Amino acid sequence: QERIIRNLGNEEAARILNDMSDDDRTALLEELPAAIVTQLLTLLSPKEQQVARSLLGYPEGSVGRLMTTEFLTVRPDWTIGQSLEHIRTHGNDSETLNVIYVTDASGRLIDDVYIREFLVRPLEAKVDAIHDNRFLALRATDTQEVALSLFKKYDRNTLPVVDSSDMLLGIVTVDDMLDIQEEVATE
């Protein structure tokens, strides 16, 4: 990986790094020497640089290192129609669209709702009517083993990641868990 990155020009490396998903970029950066990481971080856009530094700040082996910040949120007072329009407009920037996260105005997670609930409801219905405030979430400081256990136990495709105040920080997907399971099996 290091050799490939050194052989790429800065422009090409910047394009690749900025286009990578947050969790994949974090996995790459944590494998490289600190000097290379420092150099690569300067190639990122300011937004992506902030995300990368934040994810690299979590302990090694934690859910915070696995999560991606590419997810969609809606507000409980929005209509289904407003929510679907938001999903259409911003869906390309999301890691997955099978679960939509309901947050309050400050970003605190209220619920996670499967997209099918939005698709079968009247457009004028409020999001408040379709969520039940019962959700399963990981803490950013949870170990990857805890995450793997929850994915297995509850047969989930994605789980939200929150801080100690239930502020939504990111999501972890089943493909991340498959990578962890493969590492465990290899060890």
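Student: What radius of gyration would a compact globule with 187 residues have, and what does the protein chain have?
Tutor: A compact globule of 187 residues would have a radius of gyration near 16 Å. The protein chain has 18 Å, which agrees. Keep in mind that this is a predicted model.

Student: OK. What does the C-alpha trace span along its principal axes?
Tutor: About 55 × 35 × 25 Å.

Student: And how many helices and strands are there?
Tutor: The protein chain has 10 helices and 6 strands.

Student: How much of the chain is buried?
Tutor: Buried residues make up 44% of the 187 residues. The chain exposes about 10,400 Å². Carbon and sulfur atoms supply 49% of that area.

Student: What share of the contacts comes from residues 24 or more positions apart?
Tutor: They account for 60% of the contacts with a separation of 6 or more.

Student: Let's do a helix. Which residues of α5 are buried?
Tutor: Helix α5 covers residues 46–56. Its buried residues are Glu 48, Val 51, Ala 52, Leu 55 and Leu 56.

Student: Where do they fall, seen down the axis of α5?
Tutor: They fall within an arc of 125 degrees, so they line one face of the helix.

Student: What do those buried residues pack against?
Tutor: Four helices: α2 (10–19), α3, α4 (34–41) and α6 (63–66).

Student: And which exposed residues sit on the face turned away?
Tutor: Pro 46, Lys 47 and Gln 50.

Student: You mentioned α3. Where is Asp 22?
Tutor: Asp 22 lies in helix α3, which covers residues 22–31.

Student: Is Asp 22 buried or exposed?
Tutor: Buried. Asp 22 has a relative accessible area of 1%. The cut-off for buried is under 20%, so Asp 22 counts as buried.

Student: What does the side chain of Asp 22 make a polar contact with?
Tutor: With the side chain of Thr 69, at 2.3 Å.

Student: Which other residues does Asp 22 touch?
Tutor: Set aside residues up to four places away in sequence. Then Asp 22 touches Glu 48, Val 51, Leu 55, Met 67, Thr 68, Thr 69 and Glu 70. Glu 48, Val 51 and Leu 55 are among the buried residues of α5.

Student: Switching to strands. What is the order in the open sheet of 3 strands?
Tutor: The order is β1-β2-β3, with mixed pairing. The edge strands are β1 (73–74) and β3 (109–114). Each of those pairs on one side only.

Student: How many bridges join β2 to β3?
Tutor: There are 5 bridges, and the two strands run antiparallel. Strand β2 covers residues 99–103.

Student: How do strands of a sheet pair, in general?
Tutor: They pair through backbone hydrogen bonds, either parallel or antiparallel.

Student: What about β5 and β6: parallel or antiparallel?
Tutor: Antiparallel, over 5 bridges. Val 161 stands opposite Gly 170 in β6.

Student: What lies between the strands of that hairpin?
Tutor: There are 5 residues between β5 and β6. In this hairpin, Asp 166 takes a positive phi near 65 degrees.

Student: How many residues of β6 are buried?
Tutor: Strand β6 (residues 168–173) has 5 of its 6 residues buried, so it is largely enclosed by the rest of the structure.

Student: Now Arg 156. Where is that?
Tutor: Arg 156 is in the loop between α9 (144–154) and β5 (158–162).

Student: Buried or exposed?
Tutor: Arg 156 is buried, with a relative accessible area of 13%.

Student: Which side chains does the side chain of Arg 156 make a polar contact with?
Tutor: One is Asp 112, at 2.7 Å. Another is Tyr 114, at 3.5 Å. Leaving aside neighbours within four places in sequence, the residues in contact with Arg 156 also include Leu 136, Phe 151 and Val 174.

Student: Last one. Where does Asn 133 lie?
Tutor: In the loop between α8 (115–119) and β4 (138–139). Phi of Asn 133 is positive too, near 60 degrees. At 47% relative accessibility, Asn 133 counts as partly exposed.

Key: Residues numbered from 1 in each chain as written. Predicted model: local features only at pLDDT ≥ 70, side-chain atom pairs only at ≥ 80, totals over all residues. Heavy atoms only, no water. Buried < 20%, exposed > 50% of the residue type's maximum accessible area, 1.4 Å probe, protein only. Polar contact = N/O pair within 3.5 Å; in protein donor to acceptor, adjacent residues only side chain to side chain. Contact = heavy atoms within 4.5 Å. Pairing = 2+ DSSP bridges. Rg over C-alpha atoms; globule rule 2.2 N^0.38 Å. Areas by Shrake-Rupley, 256 points an atom, 1.4 Å probe, with all protein chains shown as cover. Arc of directions from axis to C-beta.
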